[in-house]
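Here is a set of questions and answers on the disulfides of one protein model. The sequence and structure come first.

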Amino acid sequence: MGLLEQIPPEVQENLNRIWTSPKKRAASMAVFIMATLVLVYSTISPSSSASSMLPLDPQRSNIGSIRRSDWSLTSDFDIVVSHYNEDVNMMRETIESVKSRLPHSRSNRVIIYHKGSRDKQGLEELLDMSDEVVQLENLGREGETYLSHIVRHYDTPVTNLAEHTIFMQPHLAWHWVFLPRLERVLQSDTGFLSFGPYLSHTCGNDSAGQVFPRMADIYSMFRMDLCPPEPVLATWAGQFLVSRTRILENPRRAYANLRGKFHVDKDHWIYKEGWWNNEPSNPTLGHALERSWPMIFNCTDATKADTCAEEGHGSSCQCLDE
């Protein structure tokens, strides 16, 4: 039996009546074309399990993101990775080594911020080891990446800040510090925990003999006070864990303001101070920021630099939320 013969007689009569009317015939053709386009699109478009390209607010990010369809709106732990062109297999191993040491009963998301030149296919490769991939300009070292993540998620219900966020790079610097602290120090009320060595500084003059005057400004931006003439806690490596509580203790505009300093023109004064190789992808300000995360998140007790050395994995190595 042909397709036409399967249509009931009363329906065929209505179709014939529509087809003999020019206006109704034109309208029917338009509906038919639209239905055909929808059918074709549904056939070639990705299934619900595939990723999709999501535009981002230009004030919060630069290009766009690819996110898995099973993206969760909430997370106990977010692993945020700042990636440029580092080896993908190394990054995969790094992510797995961190995930395997998180509490198994808690949820997690992996978000990779890519600052290289990968196309969509290249970003899809990174999505294989993460829940979201976001493409950013190569500005401001890993610190600008972390600020971008905070600004994106600070007050966005559909993405939301995790209860705790681990900020890291594709490799574990000072792995003998990172992994033991993650395993032995982390607890439910951890507010800030550095996975790199602690040191101290006095308004940018650090205990290792280096000078970063802008650390005094960063202190004032986030602590709402003048930088004190006494040691304050700092850290190396740009790898740490912070609670949502501590992130939200600072206003969003403070993070956005500091992030904006990495997006100024090349002739801006920010690139005329500091190290000789001060440039947008590796600014001196980025090195100051690397050391400043403890004071940004109000973990400033400089004695931790003495009680929690590289081999230190005790409770003194963190600041707890109340």
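Buried means under 20% relative accessible area, exposed means over 50%, and partly exposed lies in between (1.4 Å probe, protein chains only). This is a predicted model, in which local features need pLDDT of at least 70, side-chain atom pairs count only at pLDDT 80 or more, and totals for chains, interfaces and linings use all residues. Residues are numbered from 1 along each chain as its sequence is written, and side-chain values use heavy atoms, with hydrogens and water left out.

Q: How many disulfides does a search of the whole structure find?
A: A disulfide is a covalent bond between the sulfur atoms of two cysteines. The criterion here is a pair of cysteine sulfur atoms within 2.5 Å. Searching the whole structure on that basis gives 3 disulfides.

Q: Which pattern do the disulfides of the protein chain follow?
A: Bonded cysteines are counted along the chain. The pairs are Cys 203 with Cys 227, Cys 299 with Cys 319, and Cys 308 with Cys 317. The pattern is 1-2, 3-6, 4-5.

Q: Is the disulfide of Cys 203 and Cys 227 left-handed or right-handed?
A: The S to S distance between Cys 203 and Cys 227 is 2.3 Å. The torsion about their S-S bond is about -120 degrees, so the disulfide is left-handed.

Q: How many residues apart are Cys 203 and Cys 227?
A: Helices (H or I, at least four residues) and strands (E, at least two) are DSSP runs, numbered from the N terminus. Cys 203 lies in the loop between strand 8 (198-202) and strand 9 (205-206), and Cys 227 in the loop between helix 7 (214-223) and strand 10 (232-235). The pair links distant parts of the chain, 24 residues apart.

Q: In which strand is Cys 319?
A: Cys 319 is bonded to Cys 299, with the sulfur atoms 2.0 Å apart. Cys 299 sits in the loop between helix 10 (284-296) and helix 11 (304-307), 20 residues from Cys 319. Cys 319 itself is in strand 12 (residues 318-320).

Q: Is Cys 317 buried or exposed?
A: Cys 317 is joined to Cys 308, S to S 1.7 Å. Cys 308 has a relative accessible area of 0% and is buried. Cys 317 has 0% relative accessibility, so Cys 317 counts as buried.
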